[in-house]
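Hi,

Here is the structure I promised to pass on. Have a look at it first, and then read my notes below.

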Amino acid sequence: MALVARDLSAQVRLDRQLVRSEKLAMVGSLAAGLAHEIGTPLNVISATAEFLLPDAGEEARAQLRGIVAETERISRLVRDLLTFARATSPGKTAVALPGAVARVLSLLRITLERRRVRVETRLPDDLPELHADPDGLHQILLNLVVNASQAVAEGGRVVVAARAVEEDGERSVQLEVHDDGPGVPPALRERVLDPFFTTRAEGTGLGLAVVARIVADHGGDLRVGTGPLGGASFTVQLPAEEVR
Ligand SMILES: Nc1ncnc2c1ncn2[C@@H]1O[C@H](COP(=O)(O)OP(=O)(O)O)[C@@H](O)[C@H]1O
Ligand SMILES: [Mg+2]
């Protein structure tokens, strides 16, 4: 697998991570305050536009639909910003990855079926439990699988795989989500993790930034590369629960 940072030194990567997490902390505290102030008037605007729709003339209807669509975009942004505000992971405990994956896939079932996206899981039976915040793990899996399913064409493939890793007596679990979409161009592999970086018209650019932050909170590692299906591959390494 091609690693994000083959030519970046460990120090440069750490610096980037620090800048990223400082940026995120700031965004988080701003978001919590703003989300509340923005949410209520936004709902009023959107509800009013929808109320006026049925009786409006053709031209006005198109404009009202524009208002609804734009308020939805702001709602998405506010919701994603709120995820930041909450993305602190205090409660680390033993979590079984297969259960977490199953919950995320069942949550996404209808979305995935609608686009006929096939998700395959490859999780060995003897996989150690993770030492992780269950909500954080959920968010990581959700964001990576959602991204993969948005990247692939209708009928595309997504694989969620994991394996145990042991380095210097430290056990961890390497989780990989890859797909058969167009992949992430090498030049963008660091930038896709930055807050607000997006190439999607509907995107907020916060999904991978949230993943990067949660992974960093766990002392883990996140890499972007090319997977065996030719599309993007996101590899997350998280500590395993100690067995005693
Ligand atoms: N599986 C993937 N395949 C190709 N590109 C991806 C994939 N996942 C993420 N990306 C790229 O990374 C960008 C940032 O993703 P993300 O932070 O989740 O924000 P958003 O989904 O709102 O755009 C996307 O806009 C896309 O360009
Ligand atoms: Mg996303």
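A word on residue classes before the ligand: Ala, Val, Leu, Ile, Met, Phe, Trp, Tyr, Cys and Pro count as nonpolar, Asp, Glu, Lys and Arg as charged, and the others, Gly among them, as polar. By that scheme the shell around ligand 1 holds nine nonpolar, eight polar and two charged residues.

Some housekeeping: this is a predicted model, where local features need pLDDT of at least 70 and side-chain atom pairs count only at pLDDT 80 or more, while totals for chains, interfaces and linings use all residues. Residues are numbered from 1 along each chain as its sequence is written, chains are lettered from A and ligands numbered from 1 in the order in which they are written, and side-chain values use heavy atoms, with hydrogens and water left out.

Now the ligand site. Ligand 1 is surrounded by 19 residues (a heavy atom within 4 Å of it), and the closest are Asn147, Thr198, Thr199, Thr204 and Leu208. Helices here are DSSP runs of H or I with at least four residues, and strands are runs of E with at least two, numbered from the N terminus. At least two shell residues come from each of α5, α6 (207-217) and β7, and α5 gives the most, with three.

- a polar side-chain atom of Arg200 at 3.1 Å
- a polar backbone atom of Gly205 at 2.9 Å
- a polar backbone atom of Leu208 at 2.8 Å

Taken alone, ligand 1 exposes 530 Å², and the protein buries 92% of that (Shrake-Rupley areas, 1.4 Å probe).

On to the fold. Five strands form an open sheet with mixed pairing, in the order β2-β4-β5-β7-β6; strands pair if DSSP finds at least two bridges between them. At the edges, β2 (118-122) and β6 (221-226) each pair on one side only. β2 runs parallel to β4 (residues 157-167) over five bridges, and Arg122 stands opposite Ala161 in β4.

Helix α5 (residues 134-151) lies across β4, β5 and β7 (232-239), at about 25° to β5. That angle is taken between N-to-C directions on a scale from 0 to 180 degrees, with axes fitted to C-alpha atoms, for helices over the stretch in contact.

Finally, which residues does Gln139 touch, leaving aside those up to four places away in sequence? Gln139, placed in α5, touches Thr83, Val210 and Ile214, contact meaning heavy atoms within 4.5 Å.

Best wishes

Technical notes
A polar contact is a pair of N or O atoms within 3.5 Å; within protein, one must be able to donate a hydrogen and the other to accept it, and residues adjacent in sequence count only if both atoms are side-chain atoms.
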